[in-house]
Amino acid sequence: MAISETQFLELYDVNVAKIYRYIYFRVNSETTAQDLTSEVFLKCWQNLSKDGGKEVKNHRAFIYQITRNLIVDFYRQKDKLPISLEEIADSGNKIADKLPIADRNNDLQEIASKTLDVERIKKALGGLNSDYQEIIIWRYLDELEIAEIAEIMEKKEGAVRTLLSRALADLREVLRQ
Amino acid sequence: MEEKDIKKLLEPLKKIAPDENWMISCRSKLAFRMEMERKKHILDKDLSILDGLFAFLGNKSPKPTLKWAYALSIGFLVIAAGGGATAWAAKHSLPGSALYPMKIALEKLRLEASFSSEGKIKLQTEMTNARLQELQKVVLSSENPEKKKGKVEQVVNEINQQLNKANNQLPGMGDAESQKTVAAAKAISESAVKTEKMISQMKESLPSELKENLGGRLTEAAETADRMGTKALGIIVRSQIQSEDSSEISARIMERIEVAEERIKVIGQKVESVSSSTIADNSSSVNISADKLPVIRAVLIKDQSEKARELIEQAKSSLEDNDMAQALETLNLARTIILGAEKIADSDLVKILFEEGVLKPDSKVNIESNEGINASSTVPAAND
């Protein structure tokens with residue numbers, strides 16, 4: 001049965017921030033993350049609202065699947081296009097600028113220390129392969145269950161646990177360097 | 001490095017979030033696209049309607065029956081193009097304007113799209129401030145009372161709805177320990193005091209012909225603001241009951257005491273010109289003549305005002321003894337009595353006396369005025 005508009009907008013409200021953050025970590029650009037996030041929800045709506053469309057039991061996992069696919073498409077397209085001025089500007093943005101203003105009101109030393117930590121972990125995360133990045137984002141930032149991650153990746157739960165363990169090991173290695 | 005260390009390192013990244021304005025705008029556009037797709041599905045069913053629309057664009061007159069479809073499509077196109085001019089006009093519209101409902105709808109959409117409680121409270125405060133400014137503009141405008149009445153009603157309705165919604169969102173006393181709850185309660189308490197003061201001022205600024213109709217509605221809004229502020233203050237008092245520093249709570253309670261005193265003063269000014277009198281109850285009969293009603297009203301109001309003043313002094317005394325909870329409870333009692341006095345001042349007194357069971361049809365009361373003159377007549381039935 002197709003989802004109603006109200007139900008779908010509730011799904012949007014609950015998931016938009018996490019989807020945006022996931023995309024942001026993968027593409028490292030605020031503008032692109034915004035564009036892709038909008039596209040994710042529109043595409044999800046087009047699929048979920050169709051009568052006789054695919055039966056979806058876990059809407060959240062479905063949204064993440066669509067997101068993942070769109071990120072892949074983005075990189076495929078990106079490889080074909082020259083780098084834009086927007087991307088050059090965005091790549092200079094420090095992740096600390098994205099932190100809430102309250103965090104920026106602490107003293108300078110603390111800000112500098114926090115910024116370095118955040119940049120360090122972000123760089124380390126960015127250095128992992130895409131599967132490892134995604135599984136760490138989903139498990140530790142978005143707090144998805146193993147079963148949900150398995151559904152998104154279309155893998156078995158055992159395989160997901162193994163992947164997670166390897167991702168953590170890789171991340172530890174990168175952080176040690 | 002343990003898993004828990006990595007989790008701790010990742011923790012700050014959770015704070016990365018999209019811009020709130022972008023989220024709202026994205027949601028609006030999504031909702032619009034969803035609506036467009038639904039309409040397109042309907043329009044797609046009849047190609048002749050589309051032919052008629054294109055015929056218009058080619059300078060041919062549309063068939064009268066297709067005008068609604070044309071208007072609908074152009075409306076969607078305008079909104080799809082960003083609708084900047086429309087949205088701007090709506091933002092600056094006042095009660096009575098055709099775009100005012102759109103302004104309210106856009107604000108509500110923005111509120112729904114905000115999912116942090118701090119964001120919601122900030123927006124609710126902004127919305128209430130906007131309504132108060134609109135109320136001020138309408139009340140102080142030089143329009144004739146007839147036109148003003150509809151506009152004031154419209155904005156007072158919105159104020160009541162917004163205050164009730166904010167009031168219902170305040171958590172119960174059981175959640176008073178949460179820091180977020182206390183912070184929210186502080187913001188709401190400040191906003192409530194400001195709202196109550198402004199509404200009371202606007203009520204006094206209404207022309208006399210509107211006071212009778214709208215005074216009660218504004219009193220109701222002031223009462224809702226007062227209730228909301230008191231509830232919020234109760235949460236603050238409960239959460240800090242163990243705290244040494246009670247000066248902030250004391251200041252907030254004092255602020256509310258001052259508002260209550262101001263309300264009593266305003267009521268007092270209304271009955272200043274009426275000479276005092278006493279009501280004597282002769283057995284079971286009660287006579288009232290129409291010209292004695294103001295006297296009865298004045299007596300009842302003065303009596304209630306005195307009681308409220310006594311309670312306010314008790315509340316001040318509790319504050320001096322640092323008993324915040326008692327001060328707030330006493331203030332609540334005073335507030336209830338003041339509200340009763342305001343209702344008598346604003347409403348049809350005979351109707352109130354009937355509702356309270358003080359008067360029955362055909363009942364009579366003897367009144368002694370200062371000159372010792374008895375006046376008697378039969379009380380008209382409530383429907384007269």
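User: What makes the two chains count as touching, and how many residues are in contact?
Analyst: 31 residues of chain A are in contact with 23 residues of chain B. Two residues are in contact if their C-beta atoms, placed from the backbone, lie within 7 Å. This is a predicted model, where local features need pLDDT of at least 70, side-chain atom pairs need 80 or more, and totals for chains, interfaces and linings use all residues. Residues are numbered from 1 along each chain as its sequence is written, with chains lettered from A and ligands numbered from 1 in the order written.

User: Why are H7(A) and H9(A) called roughly perpendicular?
Analyst: Their axes, lines fitted to C-alpha atoms over the stretch in contact, with angles from 0 to 180 degrees between N-to-C directions, cross at roughly 100° and come within 9 Å. Angles under 35 degrees count as roughly parallel, over 145 as roughly antiparallel, 65 to 115 as roughly perpendicular and the rest as oblique, so H7(A) and H9(A) are roughly perpendicular. Residues making the contact include Ile135(A) of H7(A) and Leu164(A) of H9(A).

User: How many residues of chain A count as buried, as a percentage?
Analyst: 27% of its 177 residues. Buried takes 20 or more other C-beta atoms within 10 Å of the residue's own, exposed 12 or fewer, partly exposed in between, with C-beta atoms placed from the backbone.

Key: Helix = DSSP H or I, 4+ residues; strand = E, 2+ residues; numbered from the N terminus.
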